[in-house]
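Here's a quick briefing on the charged side-chain contacts in this protein. Have a look at the sequence and the structure, then come back for the notes.

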Amino acid sequence: MSANTITVRRTNTILAPDQSRVLLRPFSPGGPERIARIIARIMALPEEQVGPLLEEVCAEFCKRHQNIRQLFLHRYEQIRESTLTDQPLSEQRKLLIGSYFLAEYSLESAALFNPSIVPHPDQTGVPAGALRFVLSLRATGEGHISSIEFRTGIIHADQRIEVTTPNGSISEPLQSANTVYEKALFARKLFELRLTRDFTRRVMGGLGDSFGLHDLRISLQAEQFRLPHGMTQEDQSESQGIWMLARSNYEVQFQPEQGLSERILFPATPSQRNGIEDARFVCFKKDDGTHVYYATFTAYDGKVVMPELVETSDFLLFRFITLNGPAAENKGMAIFPRKIGGQYVMLSRQDNENIYLMFSDNVHFWNERKVLLKPAFPWELVQLGNCGSPIETDAGWLVLSHGVGPMRKYAIGAFLLDRDDPSKVIGRLREPLLKPNQDEREGYVPNVVYTCGALVHDGDLIIPYGLADHATGFATVALAEVLAAME
């Protein structure tokens with residue numbers, strides 16, 4: 001059997017971007033001086049005008065956002081220092097001030113694409129032969145800022161794919177103030193970042209085996225005050241680097257009453273400022289037999305791309321983790337769903353052309369890499385990369401790949417790795433498994449099909465995929481046909 005005889009079935013399920021899905025975000029129309037002037041103008045409004053104006057704003061937006069008054073008040077507290085008055089303010093005026101410094105952000109105004117799919121952690125009530133799944137999606141909005149959205153649905157016994165329609169307002173999680181850092185792990189990350197001066201050693205010496213942000217702030221301040229002649233420029237750089245590392249390793253918590261489609265992971269750190277892109281989720285089996293979900297993603301600050309990691313067990317609590325080591329760079333990192341030979345294993349693409357393989361004793365650190373696969377066929381001669389984490393089959397590790405050919409056309413291929421020694425490529429499709437058809441060519445980026453992760457259910461390979469970097473579709477194919485076509 002050749003790749004040309006594989007029967008790929010496209011479904012009728014299309015997830016198109018919905019511009020009405022909006023998130024309430026802080027709005028800063030200028031620096032502190034302009035903010036102060038705007039607040040002064042609001043302060044000049046007579047009190048009898050404040051209440052009706054606030055009610056007008058609430059009436060227009062309360063159905064679009066939960067707890068909108070609470071959000072107004074929270075925003076006021078963030079900018080209250082610009083309120084240049086000592087006089088007490090009414091609750092209504094505080095809320096009104098807060099409303100002027102918030103704005104709606106349309107998360108999907110440009111695109112909803114590059115999905116990955118994993119089994120849902122809760123399979124209760126699922127019909128026999130069916131599977132409930134979690135779908136992650138890259139949502140792109142104004143300014144080409146990307147975030148992670150979620151959907152849930154069911155693959156039925158007849159392989160019909162049903163995606164639950166999202167409802168409710170979208171909200172960000174609360175960032176935890178109780179994130180705990182392991183001193184040994186944190187120190188190793190500092191070493192990888194070459195933050196090794198005496199200043200850093202003294203700061204770390206003031207901390208216990210585990211510590212929180214509050215403990216770290218106290219240790220940093222104590223060291224700053226201890227220096228008799230103030231901090232040198234080098235000390236200041238070290239201090240900023242230590243704090244930046246801590247802020248880049250953080251936890252966020254959604255509330256259980258929030259539906260999965262109401263949860264959004266929006267950029268929250270300087271390294272993510274311009275987007276969280278192309279999350280590759282995988283259900284990872286730990287040494288004790290339990291499972292955790294990892295996702296590698298690309299953090300983009302507008303100039304530099306960096307691979308980062310997020311971890312969750314329930315899609316409510318998410319831990320964001322920096323990846324360190326000389327091999328933790330560029331895009332397209334994808335973790336194998338279990339350790340092999342006692343080590344974590346990851347695919348990567350550091351040179352923008354070839355697929356690499358990496359091993360590590362710690363999921364946070366990646367030091368060495370070696371080339372696994374190079375472009376070989378006409379449809380992939382520009383570059384080759386993975387399309388999500390490998391899928392374990394009886395025949396070996398099935399990896400979906402993407403290739404770029406003439407006219408920057410993206411297609412999805414596949415290859416097979418040995419189960420015990422994934423450095424051995426034991427099969428490869430000569431032709432693409434999936435390439436853009438006439439209905440899939442037009443979009444934000446023409447001539448692209450791309451996925452960040454598939455799964456196997458009841459003998460079929462289920463592939464959600466992005467259409468021209470605009471929308472998301474689904475395709476299914478018999479796993480046996482794919483394996484049989486491998487050369």
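Predicted model: local features only at pLDDT ≥ 70, side-chain atom pairs only at ≥ 80, totals over all residues.

**Salt bridges at a glance**

R369 is partly exposed, with a relative accessibility of 38%.

**The R369 pair**

- R369 teams up with E329 in a salt bridge, with the closest N and O atoms 2.8 Å apart.
- This pair links distant parts of the chain, 40 residues apart: E329 sits in the loop between β16 (317-322) and β17 (331-335), while R369 sits in the loop between β19 (355-360) and β20 (370-373).
- E329 is partly exposed, at 33% relative accessible area.

**The E392 pair**

- E392 and R338 form a salt bridge too, and their closest N and O atoms are 2.8 Å apart.
- E392 is in strand β22 (residues 391-393) and R338 is in the loop between β17 and β18 (344-349), so this pair ties together parts 54 residues apart in sequence.

**The R160 pair**

- R160 forms a salt bridge with D158, and here the closest N and O atoms are 3.9 Å apart.
- R160 is partly exposed at 44% relative accessible area, whereas D158 is exposed at 54%.

**A network**

- Salt bridges also link R21, E108, E149 and R151 into a network.

Note on methods: Residues numbered from 1 in each chain as written. Heavy atoms only, no water. Salt bridge = Lys/Arg side-chain N within 4 Å of Asp/Glu carboxyl O. Buried < 20%, exposed > 50% of the residue type's maximum accessible area, 1.4 Å probe, protein only. Helix = DSSP H or I, 4+ residues; strand = E, 2+ residues; numbered from the N terminus.
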